[in-house]
Amino acid sequence: GLRRATDNHLVLEHGLGAGKSTVSLAVLEVLGIQHALVLCPPSVKAVWRDELAENAARSWVVWAGEVKGNNGKALKNPSVARRVEAITAAHEDARRLGRPFMAVVNYESTHQAVMSKFLLGSPWDALICDESQHLAGSASSGSRFTAKLAKLIRARGGRIILCTGTFMPHS
């Protein structure tokens with residue numbers, strides 16, 4: 001279940017019966033978060049999209065990767081610049097509607113120049129790193145970027161949530 005660790009962090013142990021995205025969403029709502037960024041591998045992005053569509057659609061504005069072309073149809077491989085434009089438009093929608101906003105971005109996109117500049121310059125209240133065991137090696141550019149982003153969010157009083165289903169030795 002969910003418990004508080006000795007260092008005052010919340011720990012979700014196996015067997016709670018809900019997906020990591022559903023539990024993370026509940027934690028964000030309890031904390032009153034208004035601008036959340038989710039970083040995850042591309043293979044997990046669809047899980048976030050589907051669970052958020054089911055559990056957050058009424059209260060949050062969520063961008064989970066869809067970029068529409070001029071014809072209104074979803075683009076298959078949009079550029080990073082087009083993704084940043086789509087995230088910005090969704091964020092504006094959330095602001096206009098007075099609803100909290102969440103963006104789901106894959107780890108591989110974060111260190112690309114346009115995306116990294118956008119993510120570092122945005123007012124995130126929370127960072128969620130799903131499959132966070134991918135960040136264990138500090139040598140990769142994705143790990144270094146995520147550490148830099150987390151430090152910036154913490155400095156502004158934001159929250160960091162690390163999710164993994166993989167046991168991490170020595171942690």
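By the rule that rings of Phe, Tyr and Trp (the six-membered ring for Trp) pair if their centres lie within 6.5 Å, the count in this predicted model comes to 1 aromatic pair. The ring centres of Phe101 and Trp124 are 6.3 Å apart and their planes stand at 20°, so the pair is stacked, where stacked denotes planes under 30 degrees apart, edge-to-face over 60 and tilted the rest. Because Phe101 belongs to strand β5 and Trp124 to the loop between α5 (113-121) and β6, the pair ties together parts that are 23 residues apart in sequence; helices (H or I, at least four residues) and strands (E, at least two) are DSSP runs numbered from the N terminus. Both Phe101 and Trp124 are buried, a class defined by under 20% relative accessible area, with exposed meaning over 50% and partly exposed the range in between (1.4 Å probe, protein chains only).

As the model is predicted, local features need pLDDT of at least 70 and side-chain atom pairs count only at pLDDT 80 or more, while totals for chains, interfaces and linings use all residues. Residues are numbered from 1 along each chain as its sequence is written, and side-chain values use heavy atoms, with hydrogens and water left out.

**Overall fold**

- The chain contains 6 helices and 7 strands, and read along the sequence these follow the pattern β-β-α-β-α-β-α-β-α-α-β-α-β.
- Of the 171 residues of the chain, 40% count as buried.
- The accessible surface of the chain comes to about 9,800 Å², of which carbon and sulfur atoms contribute 54%; the areas come from the Shrake-Rupley method with a 1.4 Å probe, and for residues only the protein chains shown count as cover.
- Where contact means heavy atoms within 4.5 Å, 71% of the contacts in the chain between residues at least 6 apart in sequence join residues at least 24 apart.

**Strand β3 and its partners**

- Strand β3, which spans residues 35-40, is mostly covered, with 5 of its 6 residues buried.
- Two strands pair if DSSP finds at least two bridges between them; β3 is joined by 6 bridges to strand β5 (residues 101-106), the two running parallel, and within this pairing Leu39 stands opposite Val105.
- Strand β3 also runs parallel to strand β6 (residues 126-129), to which 4 bridges join it, and the partner of Ala36 in β6 is Ala126.

- Taking a salt bridge as a side-chain nitrogen of Lys or Arg within 4 Å of a carboxyl oxygen of Asp or Glu, the count comes to 4 salt bridges, among them the pairs described below.
- Glu85 forms a salt bridge with Arg82, with the closest N and O atoms 4.0 Å apart; being 3 residues apart in helix α3 (residues 80-97), these two are separated by about one helical turn, and Arg82 counts as partly exposed at 29% relative accessibility.
- Arg95 and Glu92 form a salt bridge whose closest N and O atoms are 3.0 Å apart, again with about one helical turn between residues that lie 3 apart in helix α3; Arg95 is exposed, with a relative accessible area of 51%, whereas Glu92 is partly exposed at 39%.
- The side chains of Asp93 and Arg96 meet in a salt bridge at 3.1 Å, N to O, and these residues, too, are 3 apart in helix α3 and separated by about one helical turn; Asp93 is partly exposed at 33%, while Arg96 is exposed at 60%.

**Two buried serines**

- Ser109 is found in helix α4 (residues 107-110) and is buried, with a relative accessible area of 3%.
- Leaving out residues up to four places away in sequence, Ser109 touches Arg83 and Met115, and a polar contact of 2.6 Å joins the side chains of Ser109 and Arg83; a polar contact is a pair of N or O atoms within 3.5 Å, where within protein one must be able to donate a hydrogen and the other to accept it, and residues adjacent in sequence count only if both atoms are side-chain atoms.
- The C-alpha atoms of Ser109 and Pro41 are separated by 9.7 Å, although these residues are 68 residues apart along the chain.
- Ser122, in the loop between α5 and β6, is buried with a relative accessible area of 7%, and a polar atom of the Ser122 side chain lies 2.7 Å from the backbone oxygen of Phe118.
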